[in-house]
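Colleague: I have a model open and a few things to ask about it. Can we go through it piece by piece?

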Amino acid sequence: MDPSEVEFLAEKETVKIIPNFSLDKIYLIGGDLGPFNPGLPVDVPVWLALNLKQRQKCRIVPPEWMDVEKLEEMRELERKEDMFTPVPSPYYMELTKLLLNHASDNIPKADDIRTLVKDIWDTRIAKLRLSADSFISQQEAHAKLDNLTLMEINTIRSFLLDSLNCMYKLRSNLQPGSSKGQAMDY
Amino acid sequence: MDTQSYFPVQAGVGMEENFLSLDDILLSHERLPVRTECTFPRLGYLEKSSDAHDIAEGSKMELPLWLSKGLYERKRRVLSVELPKVYREGWRTVFNADPNVVDLHKMGPYYYSLGSQMLHFDSPENPDIAGTLLQTFIGRFRRTMDSSQNAYNEDTSALVERLDSLEKGLFRSGQSGLNGFQSWEKGQATQITASSLVLNYRKRKINDLQP
């Protein structure tokens with residue numbers, strides 16, 4: 001999977017905007033988007049919010065978790081815990097990048113938020129690598145992945161699956177006779 | 001997205017080889033020390049060291065893997081294959097002690113694959129060889145993972161030169177995951193660039209000619 005595809009999936013999340021135009025309720029296949037009145041907040045998907053922002057038709061309200069103190073608390077919690085802590089949003093990395101690139105004027109302390117989110121990401125990726133290493137070195141059969149986001153899984157997916165494949169095949173060398181008769185087809 | 005004009009067949013790990021894989025074809029050229037168990041009549045001209053008409057029983061030669069595998073049969077006793085140095089007792093203790101120190105590329109770039117193929121030849125040390133292969137892989141995994149996931153936009157030749165070809169494949173997939181994420185984060189993923197296929201086929205002549 002490409003990071004761009006994960007970003008595409010992330011654009012389905014909803015975010016609050018304050019439009020400066022008025023429009024009746026629109027009926028889309030995915031759901032209804034409520035009537036737009038200037039100055040009144042409304043929930044829309046991120047793809048629409050970014051489009052309206054680029055056409056200067058709205059103002060984006062940052063989501064609740066995108067706040068310096070909350071992110072600092074989350075970063076400290078992440079550093080203390082060995083397991084993965086619950087994330088602010090299942091697409092926090094993508095939303096941070098999208099909103100901070102297009103709407104940084106609507107979000108206070110944008111640079112601090114970017115740094116904090118990067119710190120949280122780095123800590124989680126380091127934990128992911130540690131657990132992948134212990135997975136391989138103890139030759140476990142399965143592992144439990146709580147609270148991991150799709151983006152994190154995506155960066156390590158191809159490497160981990162290839163190495164688990166190699167380990168499985170090297171392990172099946174130890175049992176001769178069970179590996180005869182396997183066919184590869186293309 | 002990085003698409004290639006053909007999809008390469010990967011090397012088969014373990015006791016099977018993939019017939020179409022280039023890595024496996026190169027692997028089967030590795031030479032093994034071999035001792036003949038019966039005479040090969042009228043093939044003496046292949047053996048340069050002696051002038052005999054046929055290859056006598058018990059002569060030692062070096063045959064490539066593909067020939068040894070084809071000729072090997074336990075019941076008819078045509079050949080007996082000796083283990084290459086790297087898979088013998090002495091080197092096995094080195095690997096068990098610290099797998100990270102060894103330069104696996106120098107030991108034969110196909111350490112894991114050749115080791116798995118050696119298991120076809122029914123040596124009494126087979127379980128030990130298989131166990132050592134697995135433990136070496138596990139021991140070196142950490143270093144391969146760390147180096148592939150952290151080396152962005154650097155010259156990786158120093159990191160890669162001590163890796164076996166299997167580990168090089170893993171290194172490459174780790175790098176591709178890392179590069180994909182970094183290029184997305186920088187915003188390069190949304191920029192439209194000419195595909196490498198088009199550039200290779202040189203369809204862009206007009207653009208090149210225009211000043």
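Modeller: Start with a term: a disulfide is a pair of cysteine sulfur atoms within 2.5 Å. Bear in mind that this is a predicted model.

Colleague: OK. How many disulfides does the structure hold over all chains?

Modeller: Zero, counted over all chains.

Colleague: And the cysteines, say C166(A): buried or exposed?

Modeller: C166(A) counts as buried, because its relative accessibility is 7% and the cut-off for buried is under 20%. C38(B) has 26% relative accessibility, so it counts as partly exposed.

Colleague: Switching to annotation. What does UniProt place at residues 65-167 of chain A?

Modeller: The feature "domain: GINS subunit", from an unreviewed entry. In the model, that stretch of chain A is 68% helix and 0% strand. Its end C-alpha atoms are 40 Å apart.

Colleague: Which residues of chain B does UniProt list for "domain: GINS subunit"?

Modeller: Residues 93-185 of chain B, again according to an unreviewed entry. Over those residues the chain is 68% helix and 0% strand, with 45 Å between the end C-alpha atoms.

Colleague: Now the packing. Which residues touch the most other members of the largest nonpolar core?

Modeller: I17(A) and I60(A), out of 88 residues in that core. Helix 5 of chain A, residues 110-137, gives the most to this core, with ten residues. Chain B takes part too: the core draws at least three residues from each of domain 1 (1-82) and domain 2 (85-179) of that chain.

Colleague: What is I60(A) in contact with, leaving aside its neighbours within four places in sequence?

Modeller: The list includes V15(A), K16(A) and I17(A), then A49(A), L50(A) and K53(A). L99(A), A103(A) and N106(A) are on it as well.

Colleague: Back to the two domains of chain B. How far apart do their C-alpha centres lie?

Modeller: The centres of domain 1 and domain 2 of chain B lie 23 Å apart. The contact takes 17 residues from domain 1 of chain B and twelve residues from domain 2 of chain B.

Colleague: What area is buried between domain 1 and domain 2 of chain B?

Modeller: About 1500 Å², of which carbon and sulfur atoms give 68%. On the domain 1 side, M15(B), L27(B) and Y72(B) lose the most area to domain 2 of chain B. Together they make up 35% of what that side buries.

Colleague: Different topic. Where is the place of S4(A)?

Modeller: In helix 1 of chain A, residues 3-10. S4(A) counts as partly exposed, because its relative accessibility is 25%.

Colleague: And what is S4(A) in contact with, leaving aside its neighbours within four places in sequence?

Modeller: W184(B) and A189(B). As for E76(A), S4(A) is 72 residues from it in sequence and 29 Å from it in space, C-alpha to C-alpha.

Colleague: Last one, on backbone angles. What is the phi of Q56(A)?

Modeller: Positive, about 60°, although Q56(A) is not a glycine. Q56(A) sits in the loop between helix 2 (46-54) and strand 5 (58-60) of chain A. At 65% relative accessibility, Q56(A) counts as exposed. K109(A), not a glycine either, has a positive phi of about 55°. K109(A) is found in the loop between helix 4 (92-102) and helix 5 of chain A.

Definitions and conventions: Residues numbered from 1 in each chain as written. Chains lettered and ligands numbered in written order. Predicted model: local features only at pLDDT ≥ 70, side-chain atom pairs only at ≥ 80, totals over all residues. Heavy atoms only, no water. Buried < 20%, exposed > 50% of the residue type's maximum accessible area, 1.4 Å probe, protein only. UniProt positions renumbered as here; feature names shortened; annotations may be inferred. Helix = DSSP H or I, 4+ residues; strand = E, 2+ residues; numbered from the N terminus. Core = buried A, V, L, I, M, F, W, Y, C linked by side-chain atoms within 4.5 Å. Domains from an automatic or database assignment. Contact = heavy atoms within 4.5 Å. Buried area = accessible area lost by both parts, 1.4 Å probe.
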